[in-house]
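Colleague: Before I rely on the labels in your description, I would like to hear how each of them was reached.

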Amino acid sequence: MKILVCIKTIPDTSNAKIDPKTNNLIREGIKTIINPSDLCGLKFALNIKKQVEEDVEISVLTMGPPSAETFLRDCIQMGADEAYLLEGLEFKGSDTLATSYALAEAAKSIADFDIVFTGDQTMDGDTGQVGPQIAENLQMNQVTYVSDIKYADGEYEVKRNYGAGVETVRLNTPFLVTSLKDSVNKPSKFALGREEIAKEKKIHDLTCKSLALDLDKVGQKGSKTIVKNVEAPHSMEKGIEINEGSAEKNVEKIIEILKENKALV
């Protein structure tokens, strides 16, 4: 059985700031991490490996710069078996359409996968489009926003959150799952004692040329998304806390403030 986990390395935007003049992300001092929901996908894959009654090989794939190799080795240390890096200047400026095309073609070149895991969305793009688009390119069934997956009696039981509740889906391979952020504890790279394996493991390089990709479908040329404008969020003035001791006095104070600001006559 073969499982693919697609990951993306991103800036840790939890404490990110926007330059008010350029409206660009201030990258200085921001560390790079693996997208959190992608790690949930890896954890789901590792859980399945323990559950199924056959040999399971977990491969990890990312499209990114050469520095992403460090994070692929982290995934090997967490328990993945093989790692693939899709890199090249041809992919610069790719939107979700171009990215999903490249990743799907890379997946096809590696193996016929039984299950593909992606995150539900990334912290830097937040579109939630890449996973479903990969599924479409691979002609796979898909289950999105998955919070749990288990194997039992020859089939998979998948729980997906759809806003109003939780839907339970039972299906057989092949299929693609987009993993919900914080749905499961992320795997630890220190739990398995695989440091030497991760250091020595060969990272397989994939390129636009080696995959014979259509250059009209990758990078900026293959991207159909047009970003017309990017703006930093407007700063909000701190409100006034009113505590005059009683509801009546609080109301009187509010009326006084409204009159002072000519919002009430």
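Predicted model: local features only at pLDDT ≥ 70, side-chain atom pairs only at ≥ 80, totals over all residues.

Modeller: Residues are numbered from 1 along each chain as its sequence is written, and side-chain values use heavy atoms, with hydrogens and water left out.

Colleague: Why is the pair of F44 and F117 called tilted?

Modeller: Rings of Phe, Tyr and Trp (its six-membered ring) pair if their centres lie within 6.5 Å, and planes under 30 degrees apart count as stacked, over 60 as edge-to-face and the rest as tilted. The centres of F44 and F117 are 6.2 Å apart and their planes stand at 35°, so the pair is tilted.

Colleague: What makes Y151 partly exposed, and why does Y156 count as buried?

Modeller: Buried means under 20% relative accessible area, exposed over 50%, and partly exposed in between (1.4 Å probe, protein chains only). Y151 has 23% relative accessibility and therefore counts as partly exposed, whereas Y156, with a relative accessible area of 4%, is buried.

Colleague: Which residues of the lining of the second largest pocket count as nonpolar, polar or charged, and how many are there of each?

Modeller: Ala, Val, Leu, Ile, Met, Phe, Trp, Tyr, Cys and Pro count as nonpolar, Asp, Glu, Lys and Arg as charged, and the others, Gly among them, as polar. The lining includes K43, L46, M78, G79 and S188, and its residues divide into 5 nonpolar, 2 polar and 4 charged.

Notes: 1 Å grid on protein atoms, 1.4 Å probe; cavity = no way out; pocket = protein on both sides within 12 Å on 5 of 7 lines; lining within 4 Å.
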